[in-house]
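Colleague: Can you take me through the charged pairs in this one? I have the sequence open next to it.

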Amino acid sequence: REIGLDLPGQLSIVGFDDVPAARFVRPALTTVSQSVRKMAEQAARQLILASGSKRGVEDRVWETPYEMKLRESVGRPT
């Protein structure tokens with residue numbers, strides 16, 4: 001707004017991690033929300049497994065569920 005852009009008319013903005021302020025700014029920020037609890041559980045599980053292994057931590061990709069929380073900061077493309 002300070003530089004004259006119309007959100008989301010001219011520019012869409014998406015955040016990540018769904019911080020509490022995302023709901024209260026105007027326009028409310030569309031954001032990707034992940035479960036910190038699930039990420040922590042996976043990390044702890046890997047540390048426990050690695051502590052009992054001579055190979056250490058496995059080189060692997062871990063995926064956690066996420067959710068897109070659609071709010072007011074994203075508009076339709078023109």
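**Salt bridges**

Modeller: A search of the whole structure finds four salt bridges, a salt bridge being a side-chain nitrogen of Lys or Arg within 4 Å of a carboxyl oxygen of Asp or Glu. This is a predicted model, where local features need pLDDT of at least 70, side-chain atom pairs count only at pLDDT 80 or more, and totals for chains, interfaces and linings use all residues. Residues are numbered from 1 along each chain as its sequence is written, and side-chain values use heavy atoms, with hydrogens and water left out.

Colleague: What does K69 pair with?

Modeller: K69 forms a salt bridge with D18, at 3.2 Å from N to O. K69 sits in strand 3 (residues 66-69) and D18 in the loop between strand 1 (14-16) and strand 2 (30-34), 51 residues apart. Strands here are DSSP runs of E, at least two residues, and helices are runs of H or I, at least four, numbered from the N terminus.

Colleague: Is D18 buried or exposed?

Modeller: D18 counts as buried because its relative accessibility is 14%. Buried means under 20% relative accessible area, exposed over 50%, and partly exposed in between, with a 1.4 Å probe and protein chains only. K69, at 26%, counts as partly exposed.

Colleague: And which residue does R71 bridge to?

Modeller: To D18, with 3.0 Å from N to O. R71 lies in the segment after strand 3 and D18 in the loop between strand 1 and strand 2, so this pair ties together parts 53 residues apart in sequence.

Colleague: What about R26?

Modeller: R26 forms a salt bridge with E72, and their closest N and O atoms are 3.6 Å apart. That pair also links distant parts of the chain: R26 is in the loop between strand 1 and strand 2, and E72 in the segment after strand 3, 46 residues apart. R26 is partly exposed at 48% relative accessibility, and E72 is partly exposed at 42%.

Colleague: Changing topic, where is T30, and what does it touch?

Modeller: T30 lies in strand 2 and is buried, with a relative accessible area of 0%. Leaving aside neighbours within four places in sequence, T30 has contacts (heavy atoms within 4.5 Å) that include K69, R71 and E72. Also among them are I13, V14 and G15.
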